[in-house]
Amino acid sequence: MKIDKRPRYVIVMEAVQNYISNHQLQVGDKIPAEPEWMEEFHVSRATVRQAMQELENAGVIEKKHGVGTFVAEEKLSIQMQGFFSFSEEAKKVSNNYETKILKFRRTLNAPKKVIDLFQSNEVIELERLRLIDGDPILLELTYIPGNLVKGRLPKEFKFESLYDYLKSLGVKHLTGNEKLTPHNPTAYEASKLKIDKQAMLLQFTRVLYEGNAIEYTTTILKPGKIGIETTIERKL
């Protein structure tokens with residue numbers, strides 16, 4: 001008899017995925033609770049929880065506190081090789097998506113790195129919470145130079161895309177870079193995304209230029225809700 005030498009949590013992960021496939025479960029269908037997996041594989045609760053956390057991070061399942069564990073909906077996809085459009089990608093997984101504008105204002109209290117980047121104390125701050133089917137999945141905080149907008153800001157930010165707004169301000173061609181890093185949420189971020197503040201998140205930091213710096217954005221991603229895609233090529 002061949003002994004499976006893989007970590008026990010990996011074996012449980014595989015079993016959960018096979019269960020979903022073999023029972024032809026659909027998005028929103030409930031899977032067995034942790035004690036059932038503990039009994040079947042004779043493992044500790046910590047092992048099962050590690051397996052479930054890995055599956056949730058991968059977007060396979062979704063845990064709802066006090067309710068149970070369910071097959072997760074299709075993940076939103078971020079393409080690493082180009083500009084990400086929330087509205088375009090959200091349409092692929094649901095017709096029920098929205099953006100809540102949390103802040104749209106001029107400020108003199110931006111982070112020092114933003115002030116140094118724009119070489120100005122006055123910047124425009126735009127914070128947006130992105131939701132699909134009522135579930136918050138992205139928290140975006142954007143800064144642009146204050147001198148891009150002459151006079152008073154509009155009372156509301158009515159653009160679906162930040163880049164439509166920048167285009168309306170005369171911006172024509174943006175280039176820059178984006179970095180992906182692990183991120184521990186603040187209490188504020190955790191409350192907005194409705195997650196435990198101990199969760200490990202991913203954060204995109206984007207800096208774009210048109211000669212001078214035009215945009216500095218941080219995007220916090222909710223675990224298990226986002227798929228990261230990239231195109232790779234290697235000549236052999």
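The largest nonpolar core of this predicted model has 17 residues, and Val16, Ile31 and Trp37 have the most contacts inside it; such a core is a set of buried Ala, Val, Leu, Ile, Met, Phe, Trp, Tyr and Cys residues joined through side-chain atoms within 4.5 Å. Buried means under 20% relative accessible area, with a 1.4 Å probe and protein chains only. Because the model is predicted, local features need pLDDT of at least 70 and side-chain atom pairs count only at pLDDT 80 or more, while totals for chains, interfaces and linings use all residues. Residues are numbered from 1 along each chain as its sequence is written, and side-chain values use heavy atoms, with hydrogens and water left out.

**Helix H3**
- The buried residues of H3 are Thr47, Val48, Ala51, Met52, Leu55 and Glu56.
- Just after H3, Gly59 takes a positive phi of about 85 degrees.

**Strand E7**
- Strand E7 (residues 135–145) is largely enclosed by the rest of the structure, because 10 of its 11 residues are buried.
- E7 pairs in the antiparallel sense with strand E6 (residues 123–132) over 10 bridges, and with strand E10 (residues 212–221) over six bridges; two strands pair if DSSP finds at least two bridges between them.
- Glu140 stands opposite Thr219 in E10.

Definitions and conventions. Buried means under 20% relative accessible area, exposed over 50%, partly exposed in between (1.4 Å probe, protein chains only). Helices (H or I, at least four residues) and strands (E, at least two) are DSSP runs, numbered from the N terminus.
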